[in-house]
Amino acid sequence: MLEVVIIAEVVAVTVVSDGLCTKSLFSLLTGFKNHHSPFNIHNSFSYFCQNLKKMKHRVTHKQESSKRCFICGIENDFGLKVRFFETDNDELVALFTPKDEHQSYPNTMHGGMSSAVLDETIGRAINVGNDGPMIWGVTTELTMKYRHKVPLEQELRAVARITAKNSRFFEGEGEILLPDGRVAVSAKGKYYIVPEDKMIDPEFLEEEWGLDMPGENPKEIEY
């Protein structure tokens with residue numbers, strides 16, 4: 001049993017060092033559950049996810065924002081005003097600070113807000129490293145898992161990546177991270193790819209898209 005836990009921990013170190021401390025890794029470790037105690041393996045996973053040093057990732061591009069979107073709308077007074085940054089490990093990082101108007105229980109961001117942040121972050125991740133026309137997708141499935149409450153008045157990070165893509169659909173996963181690096185909320189989503197001319201009218205592109213969200217533009221993001 002001891003050997004299995006040690007092996008699991010080595011796998012965790014290798015994968016987490018690439019920024020993939022996610023449910024998929026947990027599934028890998030709990031693959032031992034038919035023959036070994038899942039409780040000990042879960043403890044091993046949690047220990048490494050919460051205690052390994054964060055890594056800095058170079059920002060390669062800042063994605064555009066819109067005027068009225070609740071997530072990325074510059075002129076939406078009640079929105080989250082999220083800034084989106086592509087990084088050198090092919091992930092998309094969203095930076096945002098929940099306010100009082102976004103709460104559910106006291107000092108806690110509403111779970112629906114967490115869902116909206118991850119939905120957009122995963123949906124935007126399809127454009128990471130994309131030098132061609134922007135890819136637009138509409139959500140067909142979104143599965144959430146809530147682990148810890150999301151605090152207000154602190155800058156938080158949501159991180160997303162694409163896991164599958166074909167000519168009609170793409171899939172991705174993402175997490176909202178607490179300041180100490182723990183995963184507060186995770187999600188997996190599936191999106192239907194819609195041609196730009198069927199998704200967005202030219203007036204929107206001209207008047208409400210392509211804006212630069214105010215705020216710091218970091219050269220590196222640590223998570």
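I began with Lys99 and Glu153, which form a salt bridge with their closest N and O atoms 3.6 Å apart; by salt bridge I mean a side-chain nitrogen of Lys or Arg within 4 Å of a carboxyl oxygen of Asp or Glu. This pair links distant parts of the chain, 54 residues apart, with Lys99 in the loop between strand 4 (92-96) and helix 4 (111-125) and Glu153 in the loop between strand 5 (136-146) and strand 6 (156-165). For helices (H or I, at least four residues) and strands (E, at least two) I took DSSP runs, numbered from the N terminus.

I note that this is a predicted model, in which local features need pLDDT of at least 70 and side-chain atom pairs count only at pLDDT 80 or more, while totals for chains, interfaces and linings use all residues. Residues are numbered from 1 along each chain as its sequence is written, and side-chain values use heavy atoms, with hydrogens and water left out.

Next I checked accessibility, where buried means under 20% relative accessible area, exposed over 50%, and partly exposed in between (1.4 Å probe, protein chains only). Lys99 is partly exposed at 33%, and Glu153 is partly exposed at 47%.

I then turned to Glu208 and Arg68, whose salt bridge has its closest N and O atoms 2.6 Å apart. Glu208 counts as buried because its relative accessibility is 13%, whereas Arg68, at 59%, counts as exposed.

My last pair was Arg124 and Glu120, which meet in a salt bridge at 2.9 Å, N to O, and which both lie in helix 4, four residues apart.
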